[in-house]
Amino acid sequence: MERPAWAPRNIDISVPSVSRIYDFYLGGSHNFEVDREAARSAMEYIPGLPKIMQANRAFMRRAVRHVMDEGIDQFIDIGSGIPTFGNVHEVAQGIRPGARVLYVDHDPVAVAHSQAVLADNGNAEVVAADLLRPREILSSPEARRLIDLNRPVALLLVAILHFVEDKDDPYAAVARLGHALAPGSMLVLTHASYEGIPLPAERAGGAVDVYRRIRNPLIMRSRAEVARFFEGYDMVEPGLVPMPLWRPETEPDDEDPYAFSGFAGVGRAA
Ligand SMILES: C[S@@+](CC[C@H](N)C(=O)[O-])C[C@H]1O[C@@H](n2cnc3c(N)ncnc32)[C@H](O)[C@@H]1O
């Protein structure tokens, strides 16, 4: 297989990656045939996967604008993925050019492409790190340069926690990150769930099996399990809801039924 210039040397391009599959769902060009094959297999079970991803991105942009309205202008976006249309720094810096964004991902293609996109941006950088090792994120030179931990931060965990299995204790990782942030910081997250998918769970489970086969299990959590990530936070209205229902800017009735799969919420640290 030919390796394109944007693909870092150290990656195995015969194994699908979650971030490149996601890039394909969103119509991006940083993916390989193995990624497209996995994406198409998952779509045989949940045909509306691209609609879910678009609703996820739209929620994220609304949440960033809300956070900026609340006076927070520094962001830590973990599991930021391969940059695509309407990234966090574009939304935030479009409102206030000095807004600061630290992107974090463990996928080498996501990191390399982010570096290329951010090369001329003095207020946004990317760190190659794992959500499960918060200290490496917060003590990185990039974090020290960009993020003032004495002031409120928006922590974005958008469409990442459903890739962390219970045995790796995602709740502990989120809590450790939260403890490092100043009072008034905000947590923004989305999470996959069988709740809201307009299909029987057994059918949607076929897509979950595809992710298991590529050794990146997709962990569907119930609303109550997702709500637990917000322990220690006061929920911002309207609480933990299907993505199109979080402070909609257009008529939610016009949304595709698949957009209502899973949950989105924003909380403020007490
Ligand atoms: C579905 S994408 C979401 C991208 C973006 N946050 C969004 O919602 O548009 C999930 C991203 O999380 C990253 N990821 C998964 N587990 C991670 C971990 N433990 N640490 C850091 N990044 C992780 C993947 O590499 C991928 O880029």
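Let's start with Lys 167 and Asp 168. They form a salt bridge, with the closest N and O atoms 3.7 Å apart. This is a predicted model, so keep that in mind throughout. Lys 167 counts as exposed, because its relative accessibility is 65%. Asp 168 is partly exposed, at 33% relative accessible area.

How many salt bridges does a search of the whole structure find? The count is 14. Some share partners: Asp 73, Arg 96, Asp 148 and Arg 151 are joined that way into one network.

Next, Asp 35 and Arg 20. Their salt bridge has its closest N and O atoms 2.6 Å apart. The pair links distant parts of the chain, with Asp 35 in helix α2 (residues 33–45) and Arg 20 in helix α1 (residues 18–25). Both residues, Asp 35 and Arg 20, are buried.

Now Glu 125. Its salt bridge partner is Arg 145, and the closest N and O atoms are 2.8 Å apart. Glu 125 lies in strand β3 and Arg 145 in helix α7 (residues 141–146), so the pair ties together parts 20 residues apart in sequence. Is Glu 125 buried or exposed? Buried, because its relative accessible area is 19%, and the cut-off for buried is under 20%.

Look at the strand around it. In β3 (residues 124–128), 4 of the 5 residues are buried. Strand β2 (residues 100–105) pairs with β3 in the parallel sense, over 5 bridges. Asp 105 stands opposite Ala 128 in β3.

Last, the surface. Glu 251, Asp 253, Asp 254 and Glu 255 gather there in a patch of negative charge. Glu 255 sits in the loop between β6 (233–235) and β7 (263–269). Glu 255 is partly exposed, with 31% relative accessible area.

Terms used: Residues are numbered from 1 along each chain as its sequence is written. This is a predicted model: local features need pLDDT of at least 70, side-chain atom pairs count only at pLDDT 80 or more; totals for chains, interfaces and linings use all residues. Side-chain values use heavy atoms; hydrogens and water are left out. Patches are made of residues with over 30% relative accessible area and no salt bridge: like charges are joined within 9 Å, nonpolar side chains (Val, Leu, Ile, Met, Phe, Trp, Tyr) within 5 Å. Accessible areas come from the Shrake-Rupley method with a 1.4 Å probe; for residues, only the protein chains shown count as cover. A salt bridge is a side-chain nitrogen of Lys or Arg within 4 Å of a carboxyl oxygen of Asp or Glu. Lys and Arg count as positive and Asp and Glu as negative; His and the chain ends are not counted. The place of a charge is taken as NZ of Lys, CZ of Arg, CG of Asp or CD of Glu. Helices (H or I, at least four residues) and strands (E, at least two) are DSSP runs, numbered from the N terminus. Buried means under 20% relative accessible area, exposed over 50%, partly exposed in between (1.4 Å probe, protein chains only). Two strands pair if DSSP finds at least two bridges between them.
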